[in-house]
Amino acid sequence: MVWLLLLIPASAGLLAFGLPRQRAVRRFLLPATALAHAALTALAWVKPPAPTLNGWLGLDAASQLFLSITSALFLTASFYATGYLRRE
């Protein structure tokens with residue numbers, strides 16, 4: 001699950017970059033990605049994921065707190081940014 005927390009926003013960014021003319025899809029992609037990231041962050045609190053890469057990549061209490069704050073800001077900014085993307 002740690003990999004999904006990294007790969008979902010990265011793959012959504014690459015997908016948005018590859019869809020330059022489809023503005024409606026790009027406007028939908030940002031909040032959908034933020035919701036998926038927030039859901040995975042909440043799931044990490046309920047069931048902490050096992051460390052990966054031989055323990056080099058994992059979530060402890062401090063990193064879960066920072067991840068939650070970052071995910072909440074991402075979710076808030078994604079809904080706020082759709083208004084700006086509508087005028088694009």
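**Notes on the helices and the loop**

1. Let's start with Asn54, which is exposed, at a relative accessible area of 82% (exposed means over 50%, buried under 20%, partly exposed in between, with a 1.4 Å probe and protein chains only). Please keep in mind that this is a predicted model, where local features need pLDDT of at least 70, side-chain atom pairs count only at pLDDT 80 or more, and totals for chains, interfaces and linings use all residues. Residues are numbered from 1 along each chain as its sequence is written, and side-chain values use heavy atoms, leaving out hydrogens and water.

2. Asn54 sits in the loop between helix 2 and helix 3 (helices are DSSP runs of H or I with at least four residues, strands are E runs of at least two, and both are numbered from the N terminus). Its phi is near 55°, a positive value in a residue other than glycine. Leu53 lies in the loop between helix 2 and helix 3, and phi of Leu53 is near 55° as well. Most residues other than glycine have a negative phi.

3. Helix 1 (residues 2-18) packs against helix 2 (residues 23-46) at about 175°, with axes 10 Å apart. That makes the pair roughly antiparallel (angles over 145 degrees count as such, under 35 as roughly parallel, 65 to 115 as roughly perpendicular, the rest as oblique; axes are lines fitted to C-alpha atoms, for helices over the stretch in contact, and angles run from 0 to 180 degrees between N-to-C directions).

4. Gln64, in helix 3 (residues 61-86), is buried, with a relative accessible area of 8%. Leaving aside residues up to four places away in sequence, Gln64 touches Ala44, Trp45, Pro48 and Leu59 (contact means heavy atoms within 4.5 Å).
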